[in-house]
Each structure stands twice: as structure tokens, then as C-alpha cells.
Amino acid sequence: MPDRINVVIPLFNDWLAVGLLLERIRSVVDTPLQNRLAFLIVDDCSAINYDTLPSGIGKSLSILRLFRNVGHQKAIALGLAYLADQTDQYPTIVMDSDGEDRPEDIVQLVQRSLEKPGHVVFAHRAKRHESLAFRVFYTVYKSVFRLLTGKVITFGNFSLIPASQLRKLAHVSEIWNNYPGGVIRSRLPYTAVPLERGRRLAGESKMNFVSLVLHGLSAVSVLIDTTAVRLALFCVMMVVASIFGISVLLYLKFFTNTSIPGWTSYLTFSFLIVILQAFLISLLLVFIVLSYRIQPQFIPARQFNDFVERVERVY
């Protein structure tokens, strides 16, 4: 087991929750592992500051202050890029500040990482405690993601990155939009361990319907080229089906004695509209992919300093 494990915790105004999280880590993580943990809280330009934070937990605690609010996923990318820029590299755990990523599961991530060296280890959510509506929408999101990208995503941010992969991941531009999707896009080896999702320790969740939709769109955007190809193939299928429908109608009209109702002309016109729309959508998708490929990408490892105000060492 390495002598140091970094823990990146993105945070926006959740100082009470992160304090309780640190206290829980003190109580549930055994001392040999706890003494190896070096915490890096990425303060996403919070509107409030902490009063006090627990001390004496782990090896160290630092706060990475950002100039502006960039959002949860980008805060993770900046934290990883900052650690990747250090001289020495260590395994790095990414976990949320609200306690839904359970501290007692850290040991299982570490154990799986030792079993699968070189693999990014994610926590697969075997059981969740959110509301029924949230779980339904999250299931829809996973289904749509699989349909559009051909990939299965059953995990979130809670993960462990081996030291050997940290700098590589920090150079993956896609983690700027969506960290799990960026790992999938990077083609770095990854695995998952089934873990139960915990409950928020304090405050209320900032994830609502709009946030969930935006999160889903950002995950899909990471694999935009694959998504575009699959949508283009769907458009081709629609064109083929429409041409087949028109052919059937023309055959019945000119080569058989079947009586054709008057509304078939409207149906033929509808098929032509579908063909035109499918062509325009396919053309738009081609331009989107070409534009995506020629645009310069944001590389967190190179540009993270533009967002970092300062680093505070708490202990």
C-alpha cells in the first residue's frame, strides 16, 4: 500500500457537510489507512467560508481556492490537474463533500486498486437512497446514454486513480465536461466495485431535474462523435423506411387494382418530409463532428493555473 493517498473533494458552500465527512473518516477508517490520506478540498468559489474544520485527520488538509465558480465536474478536473502538476505522484481518490460517497468504502477502493494495478476504480452504485423520481430519471439517463453512445455508465465520481494514470488523465480534455465520461473516452483501463450510496450528512442536495439533464448532456457530449454516428445511422434507417413506404404506396397505385384512399398522398408527402429532415439532421451532425475535431481542446494539466487563486494549507 502506498504511503500517501490524495483525496480530492470538490465543494461549493458545503463546509458543514465536509466537516462532518472528515469526522466520519476519523471514526470509520482504520488508523493505518487514515494516516496515509492527504485531503485536497477544491473550493469552487464558495459564497461562504468555513468557521472551523476538524484537525488531525489524515496526513494533511489543503484547500484549493478557485477564482470563479466552474461547477462540480470542472472543479474535479482542476483538482486532479493540480495534483498531477506536483513532483511526486500518488494514488488519488475523488469523492463528494456531502457524505453520499461513504468513507468506509475507501478501503474497498484501495483493495480493488491493489488487485487491479493501473486501473481506475469506480464505485458502482448497487443501492441508492434518493427519491423515487430521481431514481427514475437517473435510470432514464443511463438508458439514453447507452442508446446514444453504446457505452454503459453505472458509476459517478467516487473513484480511485492510480498514481501511474493521474498525469495521463489530467491531459484528457473530456474530464473538463464530465469526469466519468472522460475516463471512458480516455480508454484508460477502469473497473468498478459495487458499493452502497450513502446519505447526505448536512444541507440539501443541489441536484435537481435541470442539473440532472445538464449532467446527462455533458456526459453524452464527451462522446459526441460516437453519438453523432449512431444518430446518423438512425437517420439512414428512417430514410430507408420512408423510401420503402413510398415504394409500397406507388406499387399499390400503379401495379395493382387495389383501391387507394385519398389520404395516401398526404402519407407520401409525410414520408418525403421525413427523408428531408433525416438528410438535414445528418448534415448538421457531420458539421458538428468536424467542428469538434478542429477546435482546440481545453487541457486541464496545461491551463489549470488560470483558475487557481491560491492554495491554503490547513494542517
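A residue is called buried when its relative accessible area is under 20%, exposed when that area is over 50%, and partly exposed in between. The exercises below apply this to a predicted model.

**Exercise 1. Describe the chain as a whole: what share of its residues is buried, and what is its radius of gyration?**

Solution. 
- Step 1. Of the 315 residues in the chain, 46% are buried.
- Step 2. The radius of gyration of the chain is 25 Å, whereas a compact globule of 315 residues would have a value near 20 Å.
- Step 3. Along the principal axes, the C-alpha atoms fill a box of roughly 90 × 40 × 40 Å.
- Step 4. The secondary structure consists of eleven helices and eight strands.
- Step 5. Among contacts with a separation of 6 or more, 81% join residues 24 or more positions apart.

**Exercise 2. Locate Ser159 and decide whether Ser159 is buried or exposed.**

Solution. 
- Step 1. Ser159 belongs to strand S6, which spans residues 155-161.
- Step 2. In strand S6, six of the seven residues are buried.
- Step 3. The relative accessible area of Ser159 is 0%, so Ser159 is buried.
- Step 4. A polar atom of the Ser159 side chain lies 3.0 Å from the backbone oxygen of Asn157.
- Step 5. Leaving out residues up to four places away in sequence, Ser159 touches Thr92, Ile93, Val94, Leu109, Val121, Phe122 and Tyr179.

**Exercise 3. Find how strand S4 pairs with strand S6.**

Solution. 
- Step 1. Strand S4 covers residues 92-94.
- Step 2. S4 and S6 run in the antiparallel sense and are paired over three bridges.
- Step 3. For Ile93, the bridge partner in S6 is Leu160.
- Step 4. Ile93 is also one of the residues that Ser159 touches.

**Exercise 4. Compare the transmembrane annotation with the model.**

Solution. 
- Step 1. The unreviewed UniProt entry places the feature "transmembrane region" at residues 207-224, 231-254 and 266-292.
- Step 2. Residues 231-254 are 100% helix and 0% strand, with end C-alpha atoms 35 Å apart.
- Step 3. Residues 266-292 are likewise 100% helix and 0% strand, and their end C-alpha atoms are 39 Å apart.

Note on methods. Residues numbered from 1 in each chain as written. Predicted model: local features only at pLDDT ≥ 70, side-chain atom pairs only at ≥ 80, totals over all residues. Heavy atoms only, no water. Buried < 20%, exposed > 50% of the residue type's maximum accessible area, 1.4 Å probe, protein only. Helix = DSSP H or I, 4+ residues; strand = E, 2+ residues; numbered from the N terminus. Pairing = 2+ DSSP bridges. Polar contact = N/O pair within 3.5 Å; in protein donor to acceptor, adjacent residues only side chain to side chain. Contact = heavy atoms within 4.5 Å. UniProt positions renumbered as here; feature names shortened; annotations may be inferred. Rg over C-alpha atoms; globule rule 2.2 N^0.38 Å.
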